[in-house]
Amino acid sequence: MNQAVANIKAKALELGFTKVGIAKAEELTEEASRLREWLHRGYHATMEWMARNVEKRIDPRLVVPNAKSVICVALNYFTPYRHADEPGTGKISRYAWGDDYHDLVLEKLARLWDWMKAEFPDEDGRYYVDTGPMMEKVWAQRAGIGWIGKHTNLITQDVGSWIFLGELITTLDLPSDLPATDHCGTCTLCIEACPTDAITQPYVVDSHRCISYLTIEHRGAIDEQLSAKFDQWIYGCDICQEVCPWNHKFATMSHERAFEPRDGNLHPRLEEWKEMSLEEFRLKFRGSPIKRTKITGLKRNIEAVLKASQPTLTPAAG
């Protein structure tokens with residue numbers, strides 16, 4: 001292994017990342033075609049930012065001039081707890097049980113880049129965690145970290161799909177890792193398990209129907225035909241990952257205590273949360289991913305789940 005690569009990978013692991021890989025910074029072609037088709041179908045729904053900066057998304061050299069390499073990192077966030085799954089409680093996506101991953105992963109990437117600037121002072125770079133114009137799962141696959149599964153989440157052979165991703169684009173010219181290969185095989189459990197049929201075909205998700213999109217990114221009312229199928233999810237959804245055999249086999253406890261569930265997040269009491277004030281919301285979800293949906297979105301989701309849980313009354317015979 002190239003010594004610079006060995007040192008960078010060792011530093012990334014020392015900082016706490018679970019996996020690290022390197023891909024050549026170049027224009028994406030086949031992936032760009034799929035992105036444009038997905039956007040053409042309108043599957044990004046109201047996430048208009050997905051349609052902006054497409055050229056930058058498909059070519060990191062437009063983000064960092066003269067970029068040569070994309071360093072990709074992954075951080076395991078799995079904690080071995082279960083939802084209460086009781087009447088009157090809601091479900092929150094596992095990634096949002098604890099502290100906001102953006103802060104933690106960004107801090108680690110910042111420290112990695114600070115170290116790299118000291119080691120390679122003539123090189124330029126920029127890093128992102130889920131916010132920049134990057135096709136992060138594509139780059140992670142190209143860097144050998146894992147493959148994009150049929151549910152469109154990245155799956156690793158080491159710890160499954162419970163991972164956060166980050167990227168560091170740099171002018172440093174590094175040897176690339178081999179891209180990861182697809183190991184989904186003939187399995188279609190994620191497609192079959194999705195209650196709203198959001199996975200329209202293998203590797204394609206229609207955001208309009210995705211519970212994660214509807215409960216987090218979507219603003220305004222939700223189609224009752226869809227919200228009736230939320231199955232208690234009030235923030236995000238993990239169904240397609242929960243049924244994945246790779247998670248059953250390889251999910252491993254994260255060493256990051258920040259991802260431990262905050263009080264009440266495993267079993268949100270819907271009637272209590274429904275009455276939450278704005279100040280209570282701000283205090284409870286400070287430093288939490290859940291603040292993204294805003295109090296109006298969270299209460300909308302809670303109302304939808306409560307409504308769906310009410311028994312359907314049928315007219316008496318006679």
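A residue counts as buried when its relative accessible area is under 20%. Keep that in mind as you tour this predicted model.

**Stop 1: helix H13.** Select residues 294–309. At 1.5 Å a residue, these 16 residues should span 22 Å, and the end C-alpha atoms are 23 Å apart, which agrees. Now colour the buried residues of H13, among them Ile295, Leu298, Ile302, Val305 and Leu306. What covers them? Show helix H7 (211–216), helix H8 (224–227), strand E10 (233–235), helix H11 (270–274) and helix H12 (278–284), which are included in that cover.

**Stop 2: the open sheet.** Next, pick out the four strands in the order E1-E2-E7-E4, paired antiparallel. Strand E1 (19–24) and strand E4 (125–128) are the edges, each pairing on one side only. Neighbouring strands here are turned by 20 degrees against each other on average, direction ignored.

Zoom in on E2 (residues 69–76) and E7 (residues 163–170), which eight bridges join. Which residue of E7 is the bridge partner of cysteine 72? Select glutamate 167 to see that partner.

**Stop 3: the cysteines.** Show the sulfur atoms of cysteine 237 and cysteine 240. Cysteine 237 counts as buried because its relative accessibility is 15%. Then try cysteine 210: its closest cysteine sulfur, in cysteine 194, is 6.8 Å away, again too far for a bond. A search of the whole structure finds zero disulfides.

Key: Residues numbered from 1 in each chain as written. Predicted model: local features only at pLDDT ≥ 70, side-chain atom pairs only at ≥ 80, totals over all residues. Heavy atoms only, no water. Helix = DSSP H or I, 4+ residues; strand = E, 2+ residues; numbered from the N terminus. Expected span 1.5 Å × (residues − 1). Buried < 20%, exposed > 50% of the residue type's maximum accessible area, 1.4 Å probe, protein only. Contact = heavy atoms within 4.5 Å. Disulfide = S-S within 2.5 Å. Pairing = 2+ DSSP bridges. Axes fitted to C-alpha atoms, helices over the stretch in contact; angles between N-to-C directions.
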